[in-house]
Amino acid sequence: MNTKVLLGILILLAVGAGGWYFLQQNNSGQVDSTLKTTVNSGIFKIHVTATGELQAKKSEKIMGPEGMRSAGIFQTSISDIVAEGTLVEEGSYVAALDRTELADKLKNVSNEIAKAESQLLQTKLDTAIEMRNLRDQLVNLTYSIEEKKLEAEQNIYEPPAVQRQTQIELEKIQRDHLQAKENYALKIEQAQARVIEVQTNLNQQLDNMQKLTALSSKFTVTAPMAGMVIYERSWNGKKGPGSKVTPWDPVVARLPDLSDMISLTYVNEVDISKVKVDQEVTVKVDAFPDNEYAGKIISVANIGEQRPNFDAKVFEVKIQLLESDSILRPAMTTSNTVLTGTYEEVHFLPLEAFFSNDSMTYVFLEKDKKLVRQEVLTGLGNETESIVEVGVEDGNIVLLNAPENAEDLPIVHLPDDVKAEYHAKKKTAAEARKTKAANEKKRMEEMMKKFKPQ
């Protein structure tokens, strides 16, 4: 009985020891694989990531009606528009604009036309009556002249004074007749001028009616070509039903060229100095996460701006997609990874490997089978790793977490001349940037002088 109990105890001890050993081995392997890393030299790439939105690089504008301003209509609104993303054919319906103000204009012009037609008729009637009276006056004066002539012939035997009186009266009537003829000619010109004035006003109103009628047909907006309708963006968002259309902002929507797309993105001011035109970009579309597209930067804004949902100033960056795909659509969200630099044969470590105090940056390095705090000088980095300029070599083992006795470990400082050379290089680079900025400022000042009025 005692032998069996003893045997059972021995078996339990053996199983427990085996389990403990197995756990220790697993734990040891996990520490080695996750808390340490080996320093190697290789290719180090620096990336800047930013979220963007797809847009067509080129698009055909769908315009509101031309001639609104000349018609005295300075604002209307979109009363109806097809859904964004609708495929349309050339000449097919896209949108309808509110005709309320246009209808008021048409009514007013119609009233003006009726008024002008009435004025024209009245002017013609008044002119006809006035001309008839003048003609009757001329006829009566002609008869008076004939009568005076007869009277003068009959007075040849009268005393000279009577003959002279008759002759004076004849000459007076002849002068009145001449003046009446001249007055008649002037009245004709005056009447013609009045008629032309009223007729001109009528023609002007008829022309306005023709323009407004033609403009009315344009309040039904159609597609200038086949394509997909994308709503126009304005300062206060996308245009849609209820949005304003003015002569200064007449675009209703667009028909983008889907074969030529860009990603419009905004890069944080911290990273913008790394971003340059022609840099390579990997573009991913959130809607299709398995797809990647090659791209390149085609423009970088010189001035930052404060955008909604950004804590700091950002700079607009446009990325040209070098590939086309029928599944891509405007307004899709993209994840853009910009390759800002590639460095060959450099040492780099994960960011977790670096520690610092007030005076230096260091790593926990296994040196001569002992753990030390090795001072290092770092260079450029990305979101996960950083280049080590000085302080480590190929094959070094570096910890990724601080050991319990970290404060007791010895510190290995870099030689002063090495650190001096490192800081000298950084200073030279900074001075080169300052010189470049100064040259650019001088160039801009000289350019502005050319446009400054004398």
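Student: Is threonine 265 buried or exposed?
Tutor: Keep in mind that we're looking at a predicted model. Threonine 265 has a relative accessible area of 2%, and the cut-off for buried is under 20%. So threonine 265 counts as buried.

Student: Which strand holds threonine 265?
Tutor: Look at the run covering residues 261-268. Threonine 265 falls inside that stretch, and the strand is E14.

Student: What lies 2.6 Å from a polar atom of the threonine 265 side chain?
Tutor: Start with the neighbours: beyond four places in sequence, threonine 265 touches several residues, among them Ala50, Thr51 and Gly52. One of these supplies a backbone atom at that distance from the side chain. The atom is the backbone oxygen of threonine 51.

Student: How many residues apart in sequence are histidine 47 and asparagine 382?
Tutor: In space they're 6.1 Å apart, C-alpha to C-alpha. Asn382 is also on the contact list of histidine 47, along with Thr337, Val338, Leu339 and Thr340. Along the chain, though, the separation is 335 residues.

Student: And which residue in E13 stands opposite isoleucine 230?
Tutor: There's an open sheet of three strands, in the order E3-E13-E9 with antiparallel pairing. Its edge strands are E3 (59-63) and E9 (230-231). Two bridges join E9 to E13, residues 251-256. Opposite isoleucine 230 you'll find arginine 254.

Conventions. Residues numbered from 1 in each chain as written. Predicted model: local features only at pLDDT ≥ 70, side-chain atom pairs only at ≥ 80, totals over all residues. Heavy atoms only, no water. Pairing = 2+ DSSP bridges. Helix = DSSP H or I, 4+ residues; strand = E, 2+ residues; numbered from the N terminus. Contact = heavy atoms within 4.5 Å. Buried < 20%, exposed > 50% of the residue type's maximum accessible area, 1.4 Å probe, protein only. Polar contact = N/O pair within 3.5 Å; in protein donor to acceptor, adjacent residues only side chain to side chain.
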